[in-house]
Amino acid sequence: MSDRSCTILLYSDDPQVRDRMRLAVGTRPAPGLQVEFVEASDYAECVRLVDDYEIDLLLLDGEASPGGGLGIARQIKDDREDSPPTCVVIARAADRWLAAYAEVDATLVHPLDPVTTGTTVAELLRTHAPA
């Protein structure tokens, strides 16, 4: 049985945050899953990548500026019927209500724990697998 290959879009205006997200997920977040990453540093680039590539998961920085991950998640969900699952990394667990409003599928809290991050990403990729 071969690994399922998935593409994750990492979004943050801060390259160090994107690096931390990439490292927390890893290239094999779970047995049978292999991931590759594409990166965006602003809203326009994020939307372009979603339009141009087959993205399996959006991993968005909720603290990015000027376009935060929560706003981007909500916009993509509103604009696309086939939007990929979204996971937003937030700074405060109390901001989960904002994530619920943005209709994100999962949240993680800075600083990222690799075990929790890998488990969350793997679950989203498996739950939202194409038929």
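Let's start with Arg 96: at 40% relative accessibility, Arg 96 counts as partly exposed, since buried means under 20% relative accessible area, exposed over 50%, and partly exposed in between (1.4 Å probe, protein chains only). Keep in mind that this is a predicted model, where local features need pLDDT of at least 70, side-chain atom pairs count only at pLDDT 80 or more, and totals for chains, interfaces and linings use all residues. Residues are numbered from 1 along each chain as its sequence is written, and side-chain values use heavy atoms, with hydrogens and water left out.

**More on Arg 96**
- Arg 96 lies in helix α4 (residues 96–101); helices (H or I, at least four residues) and strands (E, at least two) are DSSP runs, numbered from the N terminus.
- Not counting residues up to four places away in sequence, Arg 96 touches Ile 90, Thr 107 and Val 109, where contact means heavy atoms within 4.5 Å.
- Arg 96 and Glu 123 are 27 residues apart along the chain, and their C-alpha atoms are separated by 18 Å.

**The sheet**
- Picture 5 strands in an open sheet, in the order β2-β1-β3-β4-β5, with parallel pairing; two strands pair if DSSP finds at least two bridges between them.
- β2 (33–40) and β5 (106–109) stand at the edges with a single partner strand each, so one side of each has no neighbour in the sheet.
- From one strand to the next, the twist averages 25 degrees (axes are lines fitted to C-alpha atoms, for helices over the stretch in contact, and angles run from 0 to 180 degrees between N-to-C directions).
- Strand β1 (residues 4–11) and β3 pair in the parallel sense over 4 bridges, and Leu 9 has Leu 58 in β3 as its bridge partner.
- β3 and β4 also pair in the parallel sense over 4 bridges, with Leu 60 opposite Val 88 in β4.
- Strand β4 (residues 86–90) pairs with β5 in the parallel sense over 4 bridges, and here Val 88 stands opposite Thr 107 in β5.

**Strand β3 and Asp 61**
- β3 is mostly covered, with 5 of its 5 residues buried.
- In a regular strand the side chains alternate between the two faces of the sheet.
- Here Leu 57, Leu 59 and Asp 61 point one way from β3, while Leu 58 and Leu 60 point the other way.
- Asp 61 is found in strand β3 (residues 57–61) and is buried, with a relative accessible area of 3%.
- An unreviewed UniProt entry places the feature "modified residue: 4-aspartylphosphate" at Asp 61; UniProt positions are given in the numbering used here, feature names are shortened, and annotations may be inferred rather than shown by experiment.
- Leaving aside neighbours within four places in sequence, the contacts of Asp 61 include Tyr 11, Asp 13, Gly 68 and His 110.

**His 110**
- You'll find His 110 in the loop between β5 and α5 (114–127), and at 23% relative accessibility His 110 counts as partly exposed.
- Beyond four places in sequence, the residues that His 110 touches include Val 17, Asp 61 and Glu 63.
- His 110 and Arg 126 are 16 residues apart in sequence and 23 Å apart in space, C-alpha to C-alpha.

**The recorded domain**
- The unreviewed UniProt entry also places "domain: Response regulatory" at residues 7–125.
- Over residues 7–125 the chain is 42% helix and 23% strand, and the end C-alpha atoms are 10 Å apart.
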